[in-house]
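This report describes a single protein chain for a reader who meets it here for the first time.

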Amino acid sequence: MKQLKKVLVILFASVLLVACGANNAKTDGSSGSGKTYNVGVAIYRFDDNFMTLYRQELEKYFGELGAKDGNTYKLDIQDGKQDQSTQTEQINNFIAQGKDVIIANLVDPTAAASVINSAKAKEIPVVLINREPTPQDLEIWPGKTTYVGADATQSGTIQGEMIAGLPNKGDINGDGKISYITLMGDPANVDAQQRTEYSIKGYEAKGGAVNLLAQPYQANWDSAKGQEFTASALEQFGKDLEVIFANNDGMAVGAVTAINAAGRKVGEDIYIVGVDAIPDALELLKNAQLTGTVLNDHFNQSHTAADVAVELMQGKDVEAYYWHDYVGVTKPEDAELKRVDARKETIAEIKVRYAERG
Ligand code: GAL
């Protein structure tokens, strides 16, 4: 018995020693037996609510990956300051420095082809995020370029369905239709275009009729602009304005400030929906100051972007598209973040889907 105890103690001590050794290798800054990978990350603009959540989660997750696999992921994250020429310079620097992979949230999605061509010339794989490229862009270097994101048509549709699902279908004055405005994000961004279009399609598909009060206000994802445009719309249209579709929560949060200042009450004489599920929007939702929002899943999108980047750095080929679903949020708990696998799509499949969409 004594003998067994002794053996167990020795065993336990050696396990501890090995564990400490492994730990030291990671915390002392060296990569242990692991490799060091250099990751260039180009963000379209640091000063953006949603992309800030995304960026922070991406950094955190790469840290977790490194702690798990013993590799060191060195992230070089650049702020494109919403200027494509600034960002092109940053990406060209990544290429010149020979980064192992580039993760790019382009300022101007039409720059995708030239970014991919430059990276391909130096054999640096590219993971595009947040702004959907065309299938033609991804055909330039199949297997080594990919898009990780969410399908913006889905977020618009969910917004429309959310209004259609209200007991009065959003039709406060009972005239058989909703009179609405849209607060639009950056018009060059496919998310803004598709949410604007599909929020209405989603509403109409549920049998609702609409009355457009004004052309979409170009509030560029910006809270202050959302507030400003909403204030002037409320002044111009008064009680006729029943529904506000905001392409993102930043603008919706600004709009709610204008709604309150005008003495209107969300849920009683006006409805407003956003997209992203940022903390400020969830706070408004908790206090019944926002009709709803749609989770733009930065958590899963950033994790998948990192996972795919790691596969590329290991020399593997990856799929063309990785999608994470948007989720309708009418109470804060709906926006709970939990890891789910991405849906993969090939270029051929997406072409069919686009053709069906028309
Ligand atoms: C959208 C998001 C916006 C903004 C934009 C940047 O997906 O909803 O809030 O971050 O991306 O491209």
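I102 stands opposite V126 in β4. The strands concerned are β3 (residues 101-104) and β4, which pair in the parallel sense over three bridges; two strands count as paired if DSSP finds at least two bridges between them. Strands (E, at least two residues) and helices (H or I, at least four) are DSSP runs, numbered from the N terminus. Between β3 and β4 the chain passes through helix α4 (residues 112-121), and this β-α-β crossover is right-handed. The term right-handed applies if, with the strands pointing away from the viewer, the path from the first strand over the helix to the second runs clockwise.

This is a predicted model in which local features need pLDDT of at least 70 and side-chain atom pairs count only at pLDDT 80 or more, whereas totals for chains, interfaces and linings use all residues. Residues are numbered from 1 along each chain as its sequence is written, and side-chain values use heavy atoms, with hydrogens and water left out.

Strand β4 (residues 126-129) is covered on both faces: V126 and L128 are buried on one side, and V127 and I129 are buried on the other. Here buried means under 20% relative accessible area, exposed means over 50%, and partly exposed lies in between (1.4 Å probe, protein chains only). Strand β4 also runs parallel to β5 (residues 145-149), to which four bridges join it. In β5, T145 is the bridge partner of V126.

These strands belong to an open sheet of seven strands with mixed pairing, in the order β2-β1-β3-β4-β5-β12-β14. Its edge strands, each pairing on one side only, are β2 (72-79) and β14 (343-345). From one strand to the next, the twist averages 20°.

| Strand pair | Sense | Bridges |
|---|---|---|
| β3 and β4 | parallel | three bridges |
| β4 and β5 | parallel | four bridges |
| β12 and β14 | antiparallel | three bridges |

Helix α12 (residues 347-357) lies across β12 and β14 and runs at about 90° to β14. Such angles run from 0 to 180 degrees between N-to-C directions, with axes fitted to C-alpha atoms, for helices over the stretch in contact.

An automatic or database domain assignment supplies the domain bounds. The protein chain is divided into domain 1 (34-150 + 297-325 + 336-357) and domain 2 (153-295). Their C-alpha centres lie 30 Å apart. Contact, defined as heavy atoms within 4.5 Å, takes 16 residues from domain 1 and 16 residues from domain 2. The two domains bury about 1,300 Å² between them, 44% of it on carbon and sulfur atoms. Buried area is the accessible area (1.4 Å probe) that two parts lose on being put together, summed over both.

Another strand, β6 (residues 178-184), contains M184. M184 is buried, with a relative accessible area of 9%. Leaving aside neighbours within four places in sequence, M184 is in contact with residues including A192, T196, Y217, W221 and M251. The C-alpha atoms of M184 and Q215 are separated by 9.7 Å, although the two residues are 31 residues apart along the chain.

Taken as a whole, the protein chain has twelve helices and 14 strands. Of its 358 residues, 51% are buried. Its C-alpha atoms fill a box of roughly 85 × 60 × 35 Å, taken along the principal axes.
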